[in-house]
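This briefing goes through one protein model, topic by topic. Keep the sequence and the 3D view at hand while reading.

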Amino acid sequence: MAARMPGEIPGMSYGENLVFTAKFETEQLKLAQRLCWDRCSDTLRGTEALPTGLNAGDQLPDPTRRCLDMCFSKFCDTAVVVSQESEAWNAEQIRAMNQQSLATKAAIGTIATGLMVGLGAYLFRGGDD
């Protein structure tokens, strides 16, 4: 059985998994930016014209920058907690499945052993010679 990297999706090649992961992370970043911008844009009311250009983010008013920083930080912290809880839940489910599989194998082994002992006793019983 080949070793898998954490978070690898079964049935995907390594390259497909990397592309999928990159797309997922990009979409998560876009979502965080959109949500935080929507939440913090009300702090821009009353501000004259918004700056444009490469360094426009550095020229945002202080309340807007603080709001965006806190929002994005909270979003990232929440995403980490959700990911950790999801991984813990998945690990618990895998452990439960493994235990169930082990119990099933033990039961089948016990039944098979009993059948073999019974068959052996029947076949090799003492004769009436």
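**Disulfides and helices**

A search of the whole structure, which is a predicted model, finds two disulfides. A disulfide is a covalent bond between the sulfur atoms of two cysteines. The protein chain has two helices and zero strands. The points below take the disulfides, then the helices, then the surface.

**The link of C36 and C71**

- C36 is joined to C71 by a disulfide, with 2.1 Å from S to S.
- C36 belongs to helix α1 and C71 to helix α2, so this pair ties together parts that are 35 residues apart in sequence.
- The torsion about the S-S bond of C36 and C71 is about -85 degrees, so this disulfide is left-handed.
- C36 and C71 are both buried.

**The link of C40 and C67**

- The other disulfide joins C40 to C67, and here the S to S distance is 2.0 Å.
- C40 lies in helix α1 and C67 in helix α2, so the pair ties together parts that are 27 residues apart in sequence.
- The link of C40 and C67 is left-handed, with -80 degrees about the S-S bond.
- C40 is buried, and C67 is buried too.

**Pairing and the cysteine C76**

- When the bonded cysteines of the protein chain are numbered in sequence order, the pairing reads 1-4, 2-3.
- C76 has a relative accessible area of 31%, so C76 counts as partly exposed.

**Helix α1**

- Helix α1 covers residues 14–40.
- The 27 residues of α1 should span 39 Å at 1.5 Å a residue, and the end C-alpha atoms are 39 Å apart, which agrees.
- Which residues of α1 are buried? They are N17, A32, C36 and C40.
- These buried residues of α1 pack against α2.

**Helix α2**

- Helix α2 covers residues 62–123.
- With 62 residues, α2 reaches 90 Å from its first C-alpha to its last, close to the 92 Å expected at 1.5 Å a residue.
- T64, C67, L68 and C71 are buried in α2.
- The buried residues of α2 pack against α1.
- P63 also has its place in α2. P63 counts as partly exposed, because its relative accessibility is 42%.
- The C-alpha atoms of P63 and C40 are separated by 8.7 Å, while the two residues are 23 residues apart along the chain.

**Surface and whole chain**

- M116, L119, Y122, L123 and F124 form a nonpolar patch on the surface, and their accessible area together is about 630 Å².
- Y122, one of the patch residues, is in helix α2.
- Is Y122 buried or exposed? Y122 counts as exposed, because its relative accessibility is 51% and exposed means over 50%.
- The protein chain has 129 residues, and 9% of them count as buried.
- The protein chain exposes about 10,900 Å², and carbon and sulfur atoms supply 61% of that area.
- Among the contacts in the protein chain with a separation of 6 or more, 41% come from residues 24 or more positions apart.

Definitions and conventions: Residues are numbered from 1 along each chain as its sequence is written. This is a predicted model: local features need pLDDT of at least 70, side-chain atom pairs count only at pLDDT 80 or more; totals for chains, interfaces and linings use all residues. Side-chain values use heavy atoms; hydrogens and water are left out. Helices (H or I, at least four residues) and strands (E, at least two) are DSSP runs, numbered from the N terminus. Buried means under 20% relative accessible area, exposed over 50%, partly exposed in between (1.4 Å probe, protein chains only). Contact means heavy atoms within 4.5 Å. Accessible areas come from the Shrake-Rupley method with a 1.4 Å probe; for residues, only the protein chains shown count as cover. Patches are made of residues with over 30% relative accessible area and no salt bridge: like charges are joined within 9 Å, nonpolar side chains (Val, Leu, Ile, Met, Phe, Trp, Tyr) within 5 Å. A salt bridge is a side-chain nitrogen of Lys or Arg within 4 Å of a carboxyl oxygen of Asp or Glu. The expected span of a helix is 1.5 Å times one less than its number of residues. A disulfide is a pair of cysteine sulfur atoms within 2.5 Å.
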